[in-house]
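User: I would like to learn how to read the features of a two-chain model, beginning with the interface. Could you take me through them one at a time?

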Amino acid sequence: MNKTRTAVLALTALLLAPAASAQSLSDGGVKVGVLTDLSGVYSELSGQGSVKAAQMAAEDFMKANRAYAGKVSVLGVDHQNKADVAGNKAAEMIDRQNVDMLVDMPTSSAALAATEVARQKKTVAMVVTGATTALTNEKCNKYTFHYAYDNYMLANGTGTAVTKRGGNSWYIIYPNYAFGQDLNRQMVAAVQENGGKLAAPSDATPFPNTDFSSYLLKAQSVRPKIFGTMQAGNDLVNVVKQYNEFGLKKQGIGLGIGLLFETDVAALGQDAFSGAIATVPWFWNFDARSRQWAGRFEKAFGKKPTWAQAGVYSATMQYLSAVARAKTDNSDAVVKALEGYSFDDFFARNATIRPQDHRVLLDVQVVQVKGKSESKEAGDIYKRLNTIPAAKAFMPLSENKCRM
Amino acid sequence: MNTQLLLIQVFNGLVNGAFYALLSLGLAVIFGMLRIVNFMHGALYMLGAFAAFALGQLLGLGFWPSLILAPLLVGLLGVVLERGLLSRLYGLEPSYNLLLTFGLTLLTQDLVKQVMLSRFAVSSAPYSPPEVLSGVVNLGFVVFPKYRLFVIALSLVVCLLTWFVIEKTRVGAIIRASTENPVVTRAFGINVSLWVTGVFAVGAALAGLAGVLAAPIYSVEPYMGAELIITTFAVVVIGGMGSIMGSVVTGFAVGVLAAVGAAVYPPIANTLVFILMALVLLVRPSGLFGLPEGAR
């Protein structure tokens, strides 16, 4: 088996060798496929903004690399957050529309389905908005890269920061499906590793769910220092809305959030989240470099970028740069150019692409949501508490289950 | 779990129960009087919440005016729906209006989603309780949000009022007669189709009212009614299709059941109501408060 594979690879290499010496692109160009949610719950945080971000990356790349002028194009496709749709669309994009690389992919199940298709069709896929650590563990493969964040990074960042700041007794609720169970497990581990304890065992809530009052009342009687919620999207909005309604903060029970997007804060207003601690890969007013890019994005799109959209720009740019280094858009050559590559851009700081599992390691920020009164300008929602260096932010290889 | 915690959850369950009661009341009135299975009820509930949000954004109206206006608007929409669409299906099998209302639900959800995204740039709309009702109050055995107490009280009043009007007044008698035997009622010079439209509008307005009440505590988003409507149908079935008393009592009971369930064993919280429904259907197919079909 291995011998045949080596032989095939060698043969491919031979066939490709003459072409690779010059710039060689399939069908005369590079096509980036933004597979995202254009109509559903994640369309505000990714969606058209992600497509715009990828287009910006393509334009910037073509400006910097004249040889590619007019040769990079971007296609945005809706996967409706459904795994089956994501798989079918991925196949269609690769087979019929000659897409060379897939990017974004919110919703873990949709990301897993699309990356599986991309693997079969030997196409590079860079997951930005999907969260599951399975992408770089059980389901890892040669062509899939995981950008921006994952469940481990969220739990490790927030669990550690909150516990060390004195929030050392937790009561956690999580939505009862793969994402929530995984995030709860990782969060409990992070809390306990830092000397924290559980005031009561975590509760699995139905998903989706609107009323969380039973759990908030339980928190009132258990009296943890931190009420941890692993809910996402609308469920998270419901939890936080009701957390405020029950006045838990005034009763000395803080809020720990597993996964927080800028759009969740917008849905309730930042006062509802004020004081909550979360971990994010990036935010628009982090420093001058991020501000500069965010300003360009806002000018082009009319809204401030979310970190997911910034991540799509960065991932697209890194892919295109790898194509330029490899001098071809042949996936195997691009993967080779990406593996082990180190870089630093406005989004990904001190970044390395780990060759063993294709996790993109980057510095991540532990942030606290500001109250409206502390906010200095529109969209100024985060105060940075600390930065976790790239090497410590993600799952160490010793725990990693990837066999590529 | 100790008794105090149990008591707290029973009390807390009344809030959810209030929503179930208001919604199933509307469903029961519409079904009991018109024999329409209104699948759109959840979407009307969502429209009530969305109307409250939109009235606030566009006209600067606060909670109190919206509490009156939003149900009125949803009731008006009910008139349009009944006159324009549903009334054309009265001679046909019930499955036709079920399909129609289901289709309308999908349309409404997507329409609201588009409006929210394009006009207001949110996928879930912020909405706060009025100043006087925000904050918590210490009841001795539990610290509870004031607004939720208001929800329980208001819905109880509305439920009792509806029951009283339909069972004890002349208006109620006309409505009951119009639906029981429209031909004879017409012979008495009563405009039956006008009353039918009125009843549908009131049922729709009740859903709208539940929506406004929900806006300050639940996330206001296009699909907020989709989950709730399924439980509400179960409530109506348990209470007895068309029974007003049945839907109110069962609504509150199911709310309590779900809250206690969530505290004892969360994974079962949302399933309990369906287990109860299956049991009731086995033992008393016409529901707890319903009369057997033949006896009507």
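User: How many residue pairs are in polar contact across the interface of chain A and chain B?

Analyst: Please keep in mind that this is a predicted model. Across the interface of chain A and chain B, the rule finds 15 residue pairs in polar contact, both residues being at pLDDT 80 or more. On the side of chain A that touches chain B, strand 8 (203–205), helix 7 (213–222), helix 8 (233–245) and helix 9 (262–268) of chain A each supply at least two residues, and the largest share, seven residues, comes from helix 7 of chain A.

User: What is the count of salt bridges between chain A and chain B?

Analyst: The count between the two chains is two salt bridges. In one of them, the side chains of A:Asp211 and B:Arg148 meet with an N to O distance of 3.2 Å, which counts because the cut-off for such a pair is 4 Å.

User: How many residues of each chain are in contact, and what area is buried between chain A and chain B?

Analyst: In chain A, 33 residues are in contact with 36 residues of chain B. The area buried between the chains is about 2600 Å², with carbon and sulfur atoms giving 51% of that area. Within chain A, the residues that lose the most area to chain B are A:Leu217, A:Lys241 and A:Glu245, which together make up 22% of what that side buries.

User: Turning to the surface, which residues of chain B form a nonpolar patch?

Analyst: The patch is formed by B:Leu161, B:Phe164, B:Val165 and B:Val171, whose accessible area together is about 340 Å². Helix 5 (residues 146–168) of chain B gives the most to this patch, with three residues.

User: Is A:Thr132 buried or exposed, and what does A:Thr132 touch?

Analyst: A:Thr132 is placed in the loop between strand 4 (124–127) and strand 5 (144–146) of chain A, and A:Thr132 is buried, because its relative accessible area is 12% and buried means under 20%. Leaving aside residues up to four places away in sequence, A:Thr132 touches A:Ser108, A:Leu112, A:His146 and A:Asn151. A polar atom of the A:Thr132 side chain also lies 3.1 Å from the backbone nitrogen of A:Ala134.

Technical notes. Residues are numbered from 1 along each chain as its sequence is written. Chains are lettered from A and ligands numbered from 1 in the order in which they are written. This is a predicted model: local features need pLDDT of at least 70, side-chain atom pairs count only at pLDDT 80 or more; totals for chains, interfaces and linings use all residues. Side-chain values use heavy atoms; hydrogens and water are left out. Patches are made of residues with over 30% relative accessible area and no salt bridge: like charges are joined within 9 Å, nonpolar side chains (Val, Leu, Ile, Met, Phe, Trp, Tyr) within 5 Å. Accessible areas come from the Shrake-Rupley method with a 1.4 Å probe; for residues, only the protein chains shown count as cover. Helices (H or I, at least four residues) and strands (E, at least two) are DSSP runs, numbered from the N terminus. Contact means heavy atoms within 4.5 Å. Buried area is the accessible area (1.4 Å probe) that two parts lose on being put together, summed over both. A polar contact is a pair of N or O atoms within 3.5 Å; within protein, one must be able to donate a hydrogen and the other to accept it, and residues adjacent in sequence count only if both atoms are side-chain atoms. Buried means under 20% relative accessible area, exposed over 50%, partly exposed in between (1.4 Å probe, protein chains only).
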